Amino acid sequence: MNTQNAAHWVQRLTLQPHPEGGYYKEVFRSEQQISRTGGTAVKQACTSIYYLLEGEDFSGFHRLVSDELWYFHVGSPLYIHMIDVAGNYHRYELSALDTGELSVVIPGGSWFASEIPSKEGFSLVSCAVAPGFDFSEFEMAVKEDMTAAYPRFDDLFNRLCR
């Protein structure tokens with residue numbers, strides 16, 4: 001098995017291009033439904049995808065209403081850059097290395113992006129969203145708006161906003 005080749009995983013898992021960069025495939029959408037506290041909309045309790053980035057590709061800054069959990073599987077270390085709801089910056093490394101984490105939680109409402117810092121190889125992860133992912137609760141960042149709100153992170157937005 002060739003674990004060092006992105007094309008192998010894209011084909012094996014039948015991944016498709018993702019709108020925020022990389023490749024993905026939804027692998028789980030809970031039949032169980034819930035509603036948020038104080039809300040009336042019914043949502044799936046949880047959703048999960050495989051997600052793969054390769055080389056210089058990146059997942060552009062975006063945010064979700066729900067919490068998202070990222071799980072590392074195989075490949076190059078992956079950085080997740082996050083700006084939490086209080087405006088604090090955090091960088092997490094997902095990897096099998098001693099310097100990395102095997103999983104990371106991104107709280108709902110946080111802006112985040114991901115990239116392979118070496119710009120080489122690929123990184124295969126899973127992402128689980130609870131309550132479940134819904135495009136109506138997804139927001140892609142606009143570079144100019146992000147720079148105005150968080151000017152000290154201008155270099156990051158120039159690199160990781162689509």
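Cys46 sits partly exposed, at a relative accessible area of 22%; here buried means under 20% relative accessible area, exposed over 50%, and partly exposed in between, with a 1.4 Å probe and protein chains only. Its sulfur is 11 Å from the closest cysteine sulfur, in Cys127, so a bond is out of reach. Cys161, on the other hand, is buried at 10%, and its sulfur lies 18 Å from the closest one, again in Cys127, too far for a bond. The structure has zero disulfides, a disulfide being a pair of cysteine sulfur atoms within 2.5 Å.

A word on the source: this is a predicted model, where local features need pLDDT of at least 70 and side-chain atom pairs count only at pLDDT 80 or more, while totals for chains, interfaces and linings use all residues. Residues are numbered from 1 along each chain as its sequence is written, and side-chain values use heavy atoms, with hydrogens and water left out.

Now for the inside. The largest nonpolar core has 15 residues, and Tyr51, Trp70, Leu78, Ile80, Leu94, Ile106 and Val125 touch the most other members. Such a core is a set of buried Ala, Val, Leu, Ile, Met, Phe, Trp, Tyr and Cys residues joined through side-chain atoms within 4.5 Å. Two or more residues come from each of β5 (47–54), β7 (67–75), β8 (78–83), β10 (103–106) and β12 (122–130); helices (H or I, at least four residues) and strands (E, at least two) are DSSP runs numbered from the N terminus. Leaving aside residues up to four places away in sequence, Val125 is in contact (heavy atoms within 4.5 Å) with Ile49, Tyr50, Tyr51, Trp70, Tyr71, Phe72, His73, Leu78 and Leu94. Another core of 13 residues lies apart, with Trp111, Met146, Leu156 and Leu160 among its members.

β8 also pairs with β9 (residues 89–94), antiparallel over six bridges; pairing takes at least two DSSP bridges between the strands. Tyr79 has Glu93 in β9 as its bridge partner. Five residues separate the strands of this hairpin, where Gly87 takes a positive phi near 90 degrees.

Most residues other than glycine have a negative phi, and most peptide bonds are trans.

| Residue | Phi | Relative accessibility |
|---|---|---|
| Thr14 | near 50 degrees | 41% |
| Lys119 | near 60 degrees | 30% |

Thr14 is in the loop between α1 (6–12) and β1 (16–17), and Lys119 in the one between β11 (111–115) and β12. A cis peptide bond, omega about -15 degrees, joins Ala130 and Pro131, with Pro131 in the loop between β12 and β13 (138–140).
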